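Hi there,

Here is the structure I said I would pass on to you. Please have it open while you read the notes below it.

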Amino acid sequence: MLRLYGQVISSRLLLGTAQYPSPAILEEAVRCSASNVITVSLRRETAGCAEGNRFYELMKRFRTYVLPNTAGCSSVKEAVLTAELARDLFKTNWIKLEVIGNQDTLQPDVFALVDATKILIEKGFEVFPYTTDDLSVASKLIEVGCKVLMPLCAPIGSAQGPRDTGCLRAMRASFPDIPLIVDAGVGRPSHAAMIMELGFDAILLNTAVAKAEDPVKMAKAFAQAIDAGRLGFQAGLLEPRDIAVSSTPVIGQAVFYEA
Amino acid sequence: MRVHVNGEEVDVRASFLSDLLNELGFQGDWFATAVNNEFVARDEHASKRIEENDRIEVLSPMQGG
Amino acid sequence: MKILVKGVGVGGLTVAYELLSHGLDVTVACPEGLAGSASWCAGGMLAPYCEGEHAPKIFEKLGLYGIQWWNNVLPEDVVRHGTLVLAPRRAHFELDRFAARTKGHSMLSADEIATLEPDLAGRFQRGLFFISEAHFDPRQALERLMIRLKQGGVSFIVSTEQEVLYDFVIDATGSSRLPLDRNLRGVRGEMLLIRTKDVHLSRPVRLLHPRIPLYVVPRKENIFMIGATMIESHNNRLMSVRSMMEFLNAAYALHPAFSEAEIIETGVGIRPAYANNFPRIERKQKFFFVNGFYRHGYLLAPEMARRIAHLVLHAESENEEL
């Protein structure tokens, strides 16, 4: 059973809501993924629009937990302010904290990330930090009060899949009791299965599903891959070995002689 | 009084944030606000005084990853 | 039979034309003039194959009908030079992705690109060519359609208060229905018009980029329209500095000579869309509402106009949804 800041989460697939071909396809993808947590963002609103917010109406129909993000923020102050606005709006202490350090790679600014995390936790937030696979950054985040970590496995939206499984293994081994969610860079269901086999707790996806030719089918594929990877991890994986080992017992085998 | 709402200059009569939001047609629970880069919680909208040239941000939910 | 068409975007004018060609008595209400509609800021690409990248399969067929319709009605406006799709070297994988999801294209080498568009010689290694696509200047198309309608006896009125006088009222008022139709949402599109004699293109060029895909459409008098779309927002404020920078960067990436171009106009259009990004016709007694063209007004309006004409002539009662 996955718990994130005390909440029981029924699916290990967390789903982003951006970039789908249409709201109708987004709605179907969320439903078919059986995801229990969706991520959302904030933007400026137009003055004098009487129609309210269509996306907000759609979001409420999903009946999932909502994890607001601070996408696009590149300073501590911006990220903290965005988090406060998100809490006021979505009525949740959860915040997916992104502080971008480089516009080309979209890598997090880990120094600002730790500072912002500290401030937000003091304000009562439950922080899901978008971080690297660096262990000392991870330790700092835990020190300041994070109870979940969200390392990237490759650049956001790159679909490259886990580039350094050694680092991911080390992270899992170093923080056995902290829920670890791979947040970015997953491209294929097999990537997701591989990460889950390493013992990660969940995967947050967006581009890989939204930009697939058939996002609904891809959402299902990821849901199954994530379940399979998790089961595989729990079942205890066999380590690779260098010699062949016959799977059929040789005892009692008949002996035939050549004429 | 002239203020900036989401980067645009507007003329408003209101002197409190809640009245200003009403005046501009923001009704409902689908937005959050900041004044001069400081967050203003929903239950403080009524008591938040607006000054000339204040920069007000009104944000609403958007798709995100 | 007297019919009132409300709205002078592409949805309104095409349905007016279709009804007129069936011999009906048509009046068009246009309180704000042509320049008020989202159609006024459109790219004017008639690209059913390229747009098929993110649209359902039926789209292609309806879009090909759209090209045919425009070609029949305004043959002097429609330029059938195809569409060129390019990607910067760092984003070549985007070309493969685009090719895998679309039909009607061939892969071009650097030399073939140079043959099609000599000004782009040596700038791109690979491209996709959608030979049967077309483009036109949407403003000129709307203006010409309006003239044709007037010549055919259609009167254009400012007021819309006399709805009782008509047997049918067709509401094609686009984004002005956003506050009234809970199922509609606004999708913001931005565009920029620039002018330069230093670059010549004879067909629309789509530049694929993982973050900022956009297109450049040549128009008459050395004008180029640069556009990008798909911002989920009904916000109609003017173009932002960030968008402008991205547009200009992309234009510069396509050809550095664009840096000397004059900027002659920026524009923002709010395209109304339903949840599936496909248009709908709804009927309430004598009122028909056609809306939700999303970014496909010019391609799909002819088909929707055909359907409305059919419904009006046969006075059927069901709602029409693609």
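This is a predicted model: local features need pLDDT of at least 70, side-chain atom pairs count only at pLDDT 80 or more; totals for chains, interfaces and linings use all residues.

**Chain C as a whole**

Chain C is built from eight helices and 17 strands. Its radius of gyration is 20 Å, which agrees with the value near 20 Å that a compact globule of 322 residues would have. Along the principal axes, the C-alpha trace of chain C spans about 60 × 35 × 35 Å.

As for burial, 57% of the 322 residues in chain C count as buried. The accessible surface of the chain is about 13,600 Å², and carbon and sulfur atoms account for 51% of that. If you look at contacts in chain C between residues at least 6 apart in sequence, 76% of them join residues at least 24 apart.

**Helix 1 of chain A**

Which residues of helix 1 of chain A are buried? The helix covers residues 23–33, and its buried residues are A:Pro23, A:Leu26, A:Ala29, A:Val30, A:Cys32 and A:Ser33. An α-helix has 3.6 residues a turn, so residues three or four places apart point the same way. That is handy to remember as you go through the list.

Within chain A, these buried residues pack against strand 3 (13–16), strand 4 (37–44), helix 2 (54–61) and helix 9 (215–235). They also pack against strand 10 (185–195) of chain C.

**Salt bridges**

Over all chains, the count comes to 30 salt bridges. Three of them may be worth a look.

In chain A, A:Glu84 and A:Lys123 form a salt bridge with an N to O distance of 3.3 Å. A:Glu84 sits in helix 3 (residues 76–90), while A:Lys123 is in the loop between helix 4 (110–122) and strand 7 (126–131), so the pair ties together parts of chain A that are 39 residues apart in sequence. A:Glu84 is buried, at 14% relative accessible area, whereas A:Lys123 is partly exposed at 37%.

In chain C, the salt bridge between C:Lys2 and C:Asp25 has its closest N and O atoms 3.9 Å apart. C:Lys2 belongs to strand 1 (residues 2–6) and C:Asp25 to strand 2 (residues 25–29), so this pair links distant parts of the chain, 23 residues apart. Both partners count as partly exposed: C:Lys2 has a relative accessibility of 32%, and C:Asp25 has 38%.

Also in chain C, C:Asp77 and C:Arg144 meet in a salt bridge at 2.5 Å, N to O. C:Asp77 is in the loop between helix 3 (58–73) and strand 4 (83–86), and C:Arg144 is in helix 6 (residues 138–151), so the bridge ties together parts of chain C that are 67 residues apart in sequence. Here C:Asp77 is buried, with 6% relative accessibility, and C:Arg144 is partly exposed, with 27%. This pair also belongs to a network of salt bridges that links C:Glu76, C:Asp77, C:Arg144 and C:Arg148.

Best wishes

Methods. Residues are numbered from 1 along each chain as its sequence is written. Chains are lettered from A and ligands numbered from 1 in the order in which they are written. Side-chain values use heavy atoms; hydrogens and water are left out. Helices (H or I, at least four residues) and strands (E, at least two) are DSSP runs, numbered from the N terminus. The radius of gyration is taken over C-alpha atoms; the globule rule is 2.2 Å times the number of residues to the power 0.38. Buried means under 20% relative accessible area, exposed over 50%, partly exposed in between (1.4 Å probe, protein chains only). Contact means heavy atoms within 4.5 Å. Accessible areas come from the Shrake-Rupley method with a 1.4 Å probe; for residues, only the protein chains shown count as cover. A salt bridge is a side-chain nitrogen of Lys or Arg within 4 Å of a carboxyl oxygen of Asp or Glu.
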